[in-house]
Amino acid sequence: MSAVTSDLEFKVLVEIFAKLELTTKRTEMTALLVQLFRKTPAEVIDKVVYLMQGKLYPDWMGMPELGIGERLIIRAISMATGFSDSAVEKEFKRLGDLGKAAEILKAKKRQAALTAFFGIGAVKPLTVTRVYSTLDKIAKTSGPGSIDLKVKLLGGLLQDATAEEAKYLVRIVEGRLRLGVAEATMMDALAIVYGKTKLARPVIERAYNLCSDLGYVAKVLAEKGVEALKTMTVTVGRPIRPMLAERLSSPREILMKTGGKVLAEYKYDGERAQIHKKGDRIWIFSRRLENITHQYPDVQDFARKHIKANEAIVEGEIVCIDPDTGELRPFQELMRRRRKHDIHVAMKEYPVSVFLFDLLYADGVDYTQKPIIERREKLKSIIEESDRFRLAEAIVTDNPDEIEEFFLKAIESGCEGIVAKAIHQNAIYQAGARGWLWIKYKRDYKSEMMDTVDLVAVGAFHGKGRRAGTYGALLMAAYDPEADMFRTVCKVGSGFTDEVLEKLPEMFKDLIIDHKHPRVDSKMEADIWFVPQIVAEVIGAEITLSPIHTCYWGKVKPGAGLAIRFPRFIRWRPDKGPEDATTVHEILEMYRKQLRRVEEAARPP
Amino acid sequence: MKAILPEARAFASIIEALSRVVDEASMKFTPEKVVLRALDPAKVSMFIMELPSILFEEYDVEEEVKIGFNTAVLLKLLKRSKRDDKLEIALEEGYAKFSIIGAYSKLYKILNIETAEEELPEPRIELNVNAIIHSEPLKHAIKDAETIGDVVEFSAETEDELIIKGKGETSETETRISKESGALISLEVKEPSKSTYAIEHIKNIVSLTKVADTVEVSFSTRMPLKLAFTILGEGKVTYFLAPKVE
């Protein structure tokens, strides 16, 4: 162990913790942090920053957690106070707060340390270094007997702690140190202590956004000053804090906010990922900057194969897909994938595609300061696109109707909506910031589909891959009795068993015609057209507005019809003739009945 | 330096108990003896080993040296020893060399590490109850107590018997060790005493009962427990444990 030249008593930190708990005012918090940082030697400021956040490292490092649960903490408190486990537990139950229980029991000043009985080894006050390195050892201890050692190490800290220190130590170990200090407040305080002028604040923030490690930023700042932070650059393997989007609910407002012209991209419903590549080494970070590399061996492979730059940082959305049709699958499927224990089984059952939308770094060049169009062009040039790893669907437009149409198409194909991005010269990548350069456009309403419908097959699309030689999907229509027409509502490719699939060409062979049937109303060009005759039962997730499908065209909304989102084939209905199919009126009725405001659902982390 | 112990297995038992107390420790070799003192990280218990030079078949230590080691690593090596194997300990350029010598000899080199622990002085404490008992009944009393709770109580009212009680939420166990039963060799009670200790610590060193026929048990009310095991004739392992409060 190397000698620490300069340290901070843990007591000082804890006193600030206690004061921070009593306030919610940002100015007061800042003042307290300034007090703390002024007393903190540069050598330990990183540790102070991590401990304030109740952690030992930035989350993205994927370092082991403390791995010490309630039962073990009780044992450690028992060791440190001389009270039996059950006495500690009783106190815990009474107070409902383990930290508080530790504090009260410690305050009773029983002799618990053996050395106290011998009058040897006077207790030295805890220091930040001792606390940090002991917690670090607890986290890193593994293997047989490690649980006992973890408990004893914590017991040793609590043994030497004051009552108040014990309370906060327990909170840190429990992961319940919630001081409510935002990172921004810490940066304010760092700027006041180490920056000579207000100008230091944006420099600190930029450095933090580039490395996502506030402890590291604080240490560089304290040891080398603001100038050193200015030269900090993007590092492959360290996540960049993601740029976030504002939200609006009309194309006109969006255009007004962004300067009249946008790059509109599909907002895929999956997991946002920042993919780092350095030679063959790949890192994948989530939106919350957790290291999720191990969850996606498939994405690692895509990145290795399809990113042509030697070093790069790209951003994209990982989405579950139907490998047979290439269609997007709902977000829930990705959650199911995550719950699988064996990642290789999960990869097979829930294959994913990656849709890339940004480039932050490539071979020595930091692209975060460059405008989006340049970023996107460079991205295109370094990606060898494939079905499973390609750029997000996008258009550039200044026309609100085009945005609306693109939006409806996105929804119907299974996306959440679109993201419209300003494309002027100042539209840089604002790491860590939510701003008006990017604007989300999502649905305000949706209509969940509760019942199945019976639809007529009016066309088909050639299958690819496993479905070569048969149909990949069928174009399905509802019946319009007034006009005696069949109007399309979806393309169904999911839900077919292998047996059904195999028989499709045989089943439809006598109905094939070389042009669209006159009774069929379709804007979509099928590969093969049928005489409308065969009826199938289909279920979907929602009924949604569509710029492609013609059911009730222009009646609910100009330039849009009704369509079924995430349709699945259930079974054939040989008992039904084409005129017995669900009518366009019934579809409209279903749409209206279930139309609800979309709640921003809290997603599991 | 070089030292040869006649029984590698006995040393393995000592290190087994030690490994449950600390993860790292340091042995000090002086011309007279080998001493190891270790305080567990929670500072609740202390482990002291003293092996005088006469216990060794060969003992060549001219000046004081220290061998620091990871207890789990050393234990793993020593577990490879068989009955009647000897153990040779030597020091060479930053490495500690442990050779198990039997029908053939096996040499392990492990890095001589510097342990963080500062050197502990020899603890001095007066306790009111001092008993010498056979080690078997102690082992069983602890095992019984472990099945029902997490503390064990030692008490002695008179010089006739030593009582070891296991205390759980709803049940109790009791082991009486008296002269009549033959398990008690001697008992001195300066003041009637009763004190409680955590089983999770005591059980760590119960393995020493394998290599020590008798054990000296000392305690006082609300004071530490001292267990002293005599090993290899002149060798000694002493264990101190802080009391629990009910």
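Chain A exposes about 26,600 Å², of which carbon and sulfur atoms supply 50%; accessible areas here come from the Shrake-Rupley method with a 1.4 Å probe, and for residues only the protein chains shown count as cover. The model is a predicted one, in which local features need pLDDT of at least 70, side-chain atom pairs count only at pLDDT 80 or more, and totals for chains, interfaces and linings use all residues. Residues are numbered from 1 along each chain as its sequence is written, chains are lettered from A and ligands numbered from 1 in the order in which they are written, and side-chain values use heavy atoms, with hydrogens and water left out.

The secondary structure of chain A comes to 22 helices and 23 strands, where helices (H or I, at least four residues) and strands (E, at least two) are DSSP runs numbered from the N terminus. Taken along the principal axes, the C-alpha atoms of chain A fill a box of roughly 100 × 55 × 45 Å. Of the 605 residues in chain A, 57% are buried (buried means under 20% relative accessible area, exposed over 50%, and partly exposed in between, with a 1.4 Å probe and protein chains only). Among contacts in chain A with a separation of 6 or more, 73% join residues 24 or more positions apart, a contact being heavy atoms within 4.5 Å. Chain A also carries 94 positive and 86 negative side chains, with the centres of the two sets 7 Å apart. In this count Lys and Arg are positive and Asp and Glu negative, while His and the chain ends are not counted; the place of a charge is NZ of Lys, CZ of Arg, CG of Asp or CD of Glu.

In helix 19 (residues 372-382), the buried residues are A:Ile372, A:Arg375, A:Arg376, A:Leu379 and A:Ile382. Seen down the helix axis, these buried residues fall within an arc of 130 degrees, so they line one face of helix 19; the arc is that of the directions from the helix axis to the C-beta atoms. An α-helix has 3.6 residues a turn, so residues three or four places apart point the same way. Elsewhere, A:Asp484 sits in the loop between strand 14 (471-480) and strand 15 (485-492). Its phi is near 55 degrees, a positive value in a residue other than glycine, and A:Asp484 is partly exposed at 32% relative accessibility.

Turning to chain B, the secondary structure comes to four helices and 18 strands. The radius of gyration of chain B is 19 Å, close to the 18 Å that the globule rule gives for 246 residues, so chain B is as compact as a globular protein of that length; the radius is taken over C-alpha atoms, and the rule is 2.2 Å times the number of residues to the power 0.38. Buried residues make up 53% of chain B. The mean positions of its 32 positive and 44 negative charges are 4 Å apart.

Within chain B, B:Thr30 lies in the loop between strand 2 (24-29) and strand 3 (33-39). B:Thr30 is buried, with a relative accessible area of 11%, and, leaving aside residues up to four places away in sequence, touches B:Tyr59, B:Val61 and B:Glu64. B:Lys43, in the loop between strand 3 and strand 4 (45-52), has a positive phi of about 60 degrees although it is not a glycine. B:Lys86 belongs to strand 7 (residues 86-92) and is partly exposed at 30% relative accessibility.
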